[in-house]
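Subject: Structure handover and findings

Hello,

Here is the structure for your files. My notes on it follow below.

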Amino acid sequence: MLEIRFHGRGGQGTVIATVMLAKAFFKVGYQVQSFPVFGVERRGAPVEAYIRADKKDIFIRTNVYTPDHVVVQDRTLLQSIDATRGLKQGGWILINSPEPPSDLRPFAGFKLAFIDANAIALNHQLGARTQPIVNTSMIGAFARLFKTPHMTAVAEAIREEVPVEAEANIGAAEDAYNEVQLVGMIEGKNVS
Amino acid sequence: MKKVLEGSHAVAEAVRLSRVTVISAYPITPQTHIIEYLSDYVADGTLKASFLKVESEHSAIASLVGAASCGVRTFTSSSSQGLALMHEILHWTSGARLPIVMAEVNRALAPGWNIWADQLDSLSQRDTGWIQLYCEHGQEVLDTVFLAYRLAEAVSLPVMVIMDAFFLSHTYEPVDVPEQELVDRFLPAFKPKFQVDADNLVALSPLVTPNFYMEMRHNMAKAMEESILQLAEIEEDFSNIFGRYYGPIEPFLCDDAEIIMVTSGTVTGTSRQVIQELREKGEKVGLLKIKLFRPFPSEIIRKALGPAKKIAIIDRNFSFGAGGIFAQEVRAAMCNLSDCPQIFGYIAGLGGRDVTTDLLEDIYWRTKKSEVLSEESIWMGLQEENHAVERS
Amino acid sequence: MTEKKVPSKVTPLFFARSYLSTEDNKTGSWRFLRPRYEEKTAPCSVACPAGEDIGRIEALTNQGMFKEAWETILRENPFPGVCGSVCYHPCEAVCNRGEFDEAVAINAMERFLADTARKNEFKPFLTNLSAKKEKIAVVGGGPSGLSAAYFLTLLGYNCDVFEAETEPGGVLRWGIPQYRLPLPVLERDISLIKDQGVQIKTGIHISKEFLKEAGESYNAVFIGCGYSRSRELEIPGEDLKGIKDGLAFLNRIRHGEKPRLDGLSVIIGGGNTAIDVARSVVRLGGTPLIAYRRRKQDMPAFSEEIELALDEGVVLKELVIPVSVVPDKGDYIVTLHYMRIMGEDDRGRALVEPDGNKTEEMRVKNVFKAIGEETAESWCVPPHKGEGVVTLNNSTLDCRTGSAVLVFGGDLTNEIKSVVHAVASGKEAAIALDILFREGLDTVESKIRDCLVGNGSFCSMEIYMKGPRFDRSSHVVSYSEINADYFYLSQRITQPRLLREERLATFDEVNLKVSASMAIKETERCFNCGLCNQCDNCYLFCPDLSIVRDKTPQGRHINYDYCKGCGICVVECPRNAMILEEETNEESAGRESCGS
């Protein structure tokens, strides 16, 4: 079973990102589960949401504690949260950032990828300069990691979930898919 | 067609497919999504129904008493404090024999203010004469709405379809949403056994003197009893059309089980995984899911649990001064068995605390190791430091 | 549809349901007490000499039905403008609201309605009864004469009013200063009386001879020529030139004279004329001093007038009588003798006698006498009770001559010489004559009693003419019978007045106008004692839904099929417009037909 954790801020469409990604997994033959960490939902506050995907039936209904991969929709979150909490060794950590973090030590033992989703979103006129809508770019970038779910499934999922400006969102996802930088395994000792 | 849907959305889809005529509800987290979907359906004409916007839950259910008395299919939905506010009219609904269906999203009661999963809200209403069906996953919740209407209309009693907050209400998962035509086959238009009729006036729910009240209540008690058999027949019908079956209880790997864990709601799903893992390790453990809580299917439960040595009941609720409510009910059902298994009551997951696989395993091992019942209710997962303060 | 298995049996429903309508339970059969609507009499309307239906007037005003309210006054009083200005409002003294917080400002409301009618040129919807053959002469165009003529005209009689002066109005025109009663207000009232059909012949001085010949042209003569001659002081110097008659002084001012009065003026007397003279002196630049032989509280003048006079700077000297007036170098030396109190009479007035030889001399510029008036002619004095003479509360009938019937009224018969008593007198005389002509002298007294308001001594024209008021109970509602739970404490409106500084230099009216919003707010305070104002409390409280709205004037009736006589409606009626009585057998027998 695949478990993925998304980090974001209230208002960034983090929950919708997990729903879209779950739907895309479902379209390529996975059983899925997606759910947010439920709390007081405020714009700007850190939020988490999860995806479970498996070829077999999923029975478990608990929070995700040991994700296989982590997606960080806002790199400023890295200052306040531990993005690698419970992350399985060798798991991917995908960060919305124009460049890799200057200090790579916290990511030692994990695979790093980054994507400038803000720029892509703004390029597709998604959201405002202060609040770009990056969720579709992030799932596009995620799809590239394993080439699963494939972009057709991602595009279909986006079209279902985001009926307004669907094409711009799909375009953003495709751009992210193509532009994501896969740094790969960070060697060294994890000091976080 | 299978779709990835939120649990709340599954309920709304079921209500739409059930061709409900009157909906009346008041928003409260975590139930709000259900009525948001429904109000969209009513607004865009997908569902031809009246959506009554009322000023409180009390009015929501009271207005449905009026609507249902007119012989139409009705729906409401609530949670926690909202359900508590309905309490008075819940008695009225069953006494008036109105087949209203409610989706109840289990949420803790305040204070402390808490919007997360806890069964005490619906279990507090266990004596109101409503049939209660607890659900495990999105598909079950959708299917149970159909079952609920069939059952309510067969026995003239209201039904609560109950689901855990967030773990079910806000979780997206694949759900098969059937075609309207199939649903219509299973659930034909409501044929009321009585209704308000302007040409043939009837006074509903007037004064009933001691001469008749007991008979009236006995008639209700019989209807409750009969609903177990009715549900079985309805489910048979349902599985013939849809190929799915739930049953009032569901024994899972119980055949040779020495220890049976008893669960309800979403804890069941996680328990299935834990029990499969324990089985792989050679443990003789089974699981009994209780779906039908009212009427309590005592006889079936006795048969299912009787052969076990130990029973571990997991309650996401607590009746103060008594214990876990499912545990109480199971104990009452089992007490006259000559060779009654030892029954352990565990309290877990109150106020939305996660019931993890580790915790469930812990419950199993504790049960296995305990020779005698040390406590009536064993509270699981209390934080050590807080617990210590309490004990000092 | 697939074929379904026959489902297992479900026990047939047994639940609370009845095909009998709740209407089948005729709870009216339980009744041993029976409520019914019964309007009663408000104390204000009993105290009002004109018998105005005050509770109704306030209710209509509160509903914004100003014309209807004004017409309700006109049914009992042709002088809403005059009374709204100068009435001493005995109604307010007995107002039940006074026991709760403060009496309703009834007088100000009357003036508001008159002003509103004048501003909007309302024409009253009042039709005279069919014409009668009898003709009546009215001697004196003052308030009593005009009232008598007005009510006789309403009753269908042809009336001629004979007025000695050039204009009608009597004391209203010549005796009351403009700052209390502006001329346009008076003229509006008089023009409405004329519009109703009253003929007024001015400049005709009636003599005793007229009465002898009146029988040839008239079936009755109403004598209401008032008290027009000032009483004598009977002191040395009284006849001195310069000692002025108070009434004549007021008359000169009303004719337009505005003499400058410097220095101290002493006014002898304690009635309304004395006050009017003193306040006029203030306005003419003088310094008035009222010398009165008893105490302030014994003065016959209306207390509100006394207070206003004192406020304007009038000095009151109590317990003195003048004993001599001597001219001295253009001034007068007035000698006042002090009095002392011996006790009180049965009306609470001080009994006084000279206090030894204690006197005081004052040098004054003017002396006015205003110790009361009397009739100018001896034939105007009403006869004593006897054969052919009927003495009523406010008028006296003299049928002895065999020719025209004489009716004495107004100040000639009234103990309290007020405008509103003059109205009472004119109305009573009109009703008495109608009874006399239609049914004969013997029935006059008893029939007059039948149209008294409540337990009082004043007639209502509406009751006499069997209007809606006729059906009311004469029971006078007391404060204890009001359900005060339905009222909130609220302040009585303050009558807006000219500032004191403004008053001192002008004869402009002191009282300023009341706005419609103020009037509506003030009339909201009225309990409408004993009168239904359609508040619907009975309807709201009835546990058996037995109060049924309808289109009758009452607006609702009781369905006795279901009324079980619990009496909640009567208890919750805020204004005692309902009554609860023991059920009688006849009423029970009639119950079947009572229901709707």
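What should the twelve residues of helix α2 (residues 32–43) of chain B span at 1.5 Å a residue? They should span 16 Å, and the end C-alpha atoms are 16 Å apart, which agrees. The expected span is 1.5 Å times one less than the number of residues.

Some ground rules. This is a predicted model, in which local features need pLDDT of at least 70, side-chain atom pairs count only at pLDDT 80 or more, and totals for chains, interfaces and linings use all residues. Residues are numbered from 1 along each chain as its sequence is written, while chains are lettered from A and ligands numbered from 1 in the order in which they are written. Helices (H or I, at least four residues) and strands (E, at least two) are DSSP runs, numbered from the N terminus.

Helix α2 of chain B

The buried residues of α2(B) are B:His33, B:Ile34, B:Ile35, B:Tyr37, B:Leu38 and B:Tyr41. Buried means that 20 or more other C-beta atoms lie within 10 Å of the residue's own; 12 or fewer makes it exposed, and in between it is partly exposed, with C-beta atoms placed from the backbone. The cover over these residues includes β1 (2–6), α1 (7–17), β2 (22–25), β3 (50–53), β4 and β5 of chain B. B:Gly45 follows α2(B) and has a positive phi, near 85°.

Strand β4 of chain B

Five of the five residues of β4(B) are buried, so the strand is largely enclosed by the rest of the structure. Both faces are covered. B:Thr74, B:Thr76 and B:Ser78 lie on one side, and B:Phe75 and B:Ser77 on the other.

β4(B) pairs with β2(B) in the parallel sense, over two bridges. Strands pair if DSSP finds at least two bridges between them. Here B:Val22 has B:Thr74 as its bridge partner. β4(B) also pairs with β5(B), again in the parallel sense, over four bridges. There B:Phe75 is partnered by B:Val101.

Helix α4 of chain B

Helix α4 (residues 80–95) of chain B has 16 residues. From first C-alpha to last it reaches 22 Å, close to the 22 Å expected at 1.5 Å a residue. Even so, α4(B) has a kink of about 55°, centred on B:His87. That bend is the angle between axes fitted to the seven residues ending there and the seven starting there.

The buried residues of α4(B) are B:Ser80, B:Gly82, B:Leu83, B:Met86, B:Ile89, B:Leu90, B:Thr93 and B:Ser94. They pack against α3 (57–69), β4 (74–78), β5 (101–106), α5 (120–123) and α8 of chain B. After α4(B) comes B:Arg97, with a positive phi near 60°.

Chain B against chain C

This contact takes 25 residues from chain B and 17 residues from chain C. Two residues are in contact if their C-beta atoms, placed from the backbone, lie within 7 Å. On the chain B side, α6 (138–155), β9 (203–204) and α8 (210–242) each give two or more residues. The largest share, ten residues, comes from α8(B). By class, this side has 13 nonpolar, four polar and eight charged residues. Ala, Val, Leu, Ile, Met, Phe, Trp, Tyr, Cys and Pro count as nonpolar, Asp, Glu, Lys and Arg as charged, and the others, Gly among them, as polar.

β9(B) is joined by two bridges to strand β1 (residues 17–18) of chain C, and the two run antiparallel. B:Ala203 stands opposite C:Ser18 in β1(C).

Chain B against chain A

Here the contact takes 18 residues from chain B and 16 residues from chain A. β8 (172–176) and α9 (267–280) of chain B each give two or more residues to this side. α9(B) gives the most, with four residues. The classes are seven nonpolar, eight polar and three charged residues.

Chains A and C

Chain A has five helices and nine strands. Of its 192 residues, 50% count as buried.

In chain C, three strands form an open antiparallel sheet in the order β12-β13-β14. β12 (320–328) and β14 (350–364) stand at the edges with a single partner strand each, so one side of each is left without a neighbour in the sheet. Eight bridges join β12(C) to β13 (residues 331–344) of chain C. C:Pro322 stands opposite C:Leu336 in β13(C).

Best wishes
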